[in-house]
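Please keep the sequence and the model in view while reading.

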Amino acid sequence: MEYILQPWPWYVSGPCIAIVMFLLLYFGRSFGMSSNLRTLCAIGGAGKRVEFFKFDWKSQRWNLIVVLGAIIGGFIAHNYLSNPIHIDLSESTVKDLTSLGFYEADQSLLPPELFSWDAALSAKGLSILIIGGFLVGFGTRYAGGCTSGHAITGLSSLQLPSLIAVVGFFIGGLIMIHFIYPILF
Amino acid sequence: MGKYIKFLLVGIFFGIVLVKSEAVSWYRIFEMFKFQSFHMYGIIGTAVGTGIILLLLSNQLNLKTIKGNAIKVPLKEKGLVRYIIGGTIFGLGWALCGACPGPMYILVGTGVFTILIVIAAALLGTYVYGVLKNKLPH
């Protein structure tokens, strides 16, 4: 039990994610979390106005069940399988974060400077969450997949389009962290 | 309902793994793009490495799905523009809010309800893509 309560090392976590991918393939489906965003749009009636959302979303219900499970898994891990969270970030990361104005680095999963209700409902905080979410939603469909569909499933099956998409993920991420963050924070 | 139980269990396992690995943490994503720790690279690297081995093995052993078909991964369409531009847009968002689609849902379970704002915005982004799809280079 002590091992479970500790944060899991990368060499345990990575193979576990591959097992998730493989189980879904074994069940005759495929691993892709961003597809659910399209499914949810279709359930909301987007198919009446936009061709892209006109598909049999009922065939995707299994994937929404995976999402429901993921939420439950997050709840279980956070409430029952974790010691008080202390993320073992590198010293240089903590230093960089402090200089950007994030003072509670490693005390929780997410910085209160962005995700506490006070921060999230400030003009700047709300803009960041909305723009960030929008870019993820737009980009993932444009690229035809996200970290699960491209970085895990696509790379595991040695597909070139996924490698290109992952290179794109990193171009975007590096631009954001190295060039835009210093302006924002 | 019975046939959905296995998907629920896989989802629960996925949620637990991503929280316990700290891959759902905004801080870990920041650290990854700063190249200041091996942690996230180790997770992605071993996931892909294990994935390659599992797929090669299942191919060699001719493993079947529970429906009796060959196990195969859906092929992505060929292309360059959509993957590089779409991927870059995704990366900008991923680094800005520190969450990709899987972790967004999982974080709801950990009690961070402000992430619902991010999810709502991601739905809007997906919708806008659907509207603009035919006008974008792919």
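**Where the two chains meet**

Between chain B and chain A there is a count of 1 salt bridge, a term for a side-chain nitrogen of Lys or Arg within 4 Å of a carboxyl oxygen of Asp or Glu. This is a predicted model, in which local features need pLDDT of at least 70 and side-chain atom pairs count only at pLDDT 80 or more, while totals for chains, interfaces and linings use all residues. Residues are numbered from 1 along each chain as its sequence is written, chains are lettered from A and ligands numbered from 1 in the order in which they are written, and side-chain values use heavy atoms, with hydrogens and water left out.

The salt bridge between the chains pairs A:Asp96 with B:Lys34, whose closest N and O atoms are 3.4 Å apart. A:Asp96 is partly exposed at a relative accessible area of 21%, and B:Lys34 is likewise partly exposed, at 23% relative accessibility. Here buried means under 20% relative accessible area, exposed over 50%, and partly exposed in between (1.4 Å probe, protein chains only).

The contact as a whole draws 107 residues from chain B and 131 residues from chain A, contact being defined by heavy atoms within 4.5 Å. Together the two chains bury about 10500 Å², with 79% of it on carbon and sulfur atoms; buried area is the accessible area (1.4 Å probe) that two parts lose on being put together, summed over both. Of the area that chain B buries against chain A, B:Lys20, B:Tyr27 and B:Tyr105 supply 8%, more than any other three residues.

Polar contacts also link the chains: 33 residue pairs, both at pLDDT 80 or more, are counted between chain B and chain A. Such a contact is a pair of N or O atoms within 3.5 Å; within protein, one must be able to donate a hydrogen and the other to accept it, and residues adjacent in sequence count only if both atoms are side-chain atoms. By class, the side of chain B that touches chain A has 67 nonpolar, 26 polar and 14 charged residues, where Ala, Val, Leu, Ile, Met, Phe, Trp, Tyr, Cys and Pro count as nonpolar, Asp, Glu, Lys and Arg as charged, and the others, Gly among them, as polar.

**A network within chain B**

B:Arg28 lies in helix 2 (residues 26-33) of chain B; helices (H or I, at least four residues) and strands (E, at least two) are DSSP runs, numbered from the N terminus. At 4% relative accessibility, B:Arg28 is buried. The side chain of B:Arg28 forms a salt bridge with that of B:Glu22 (2.8 Å, N to O), and B:Glu22 is buried at 6% relative accessibility. Another salt bridge joins B:Arg28 to B:Glu31 (2.6 Å, N to O). Through shared partners, these salt bridges join B:Glu22, B:Arg28 and B:Glu31 into one network. B:Arg28 also touches residues of chain A, including A:Ile87, A:Asp88 and A:Leu89.

**The nonpolar cores**

The largest nonpolar core has 90 residues, and those with the most contacts inside it are A:Leu24, A:Phe31, A:Phe115 and B:Trp26. A nonpolar core is a set of buried Ala, Val, Leu, Ile, Met, Phe, Trp, Tyr and Cys residues joined through side-chain atoms within 4.5 Å. Helix 1 (residues 5-20) of chain B gives the largest share of this core, 9 residues. A second, separate core of 10 residues includes A:Cys41, A:Ala42, A:Val50 and B:Ile89.

Definitions and conventions:
Lists of a residue's contacts leave out its neighbours within four places in sequence.
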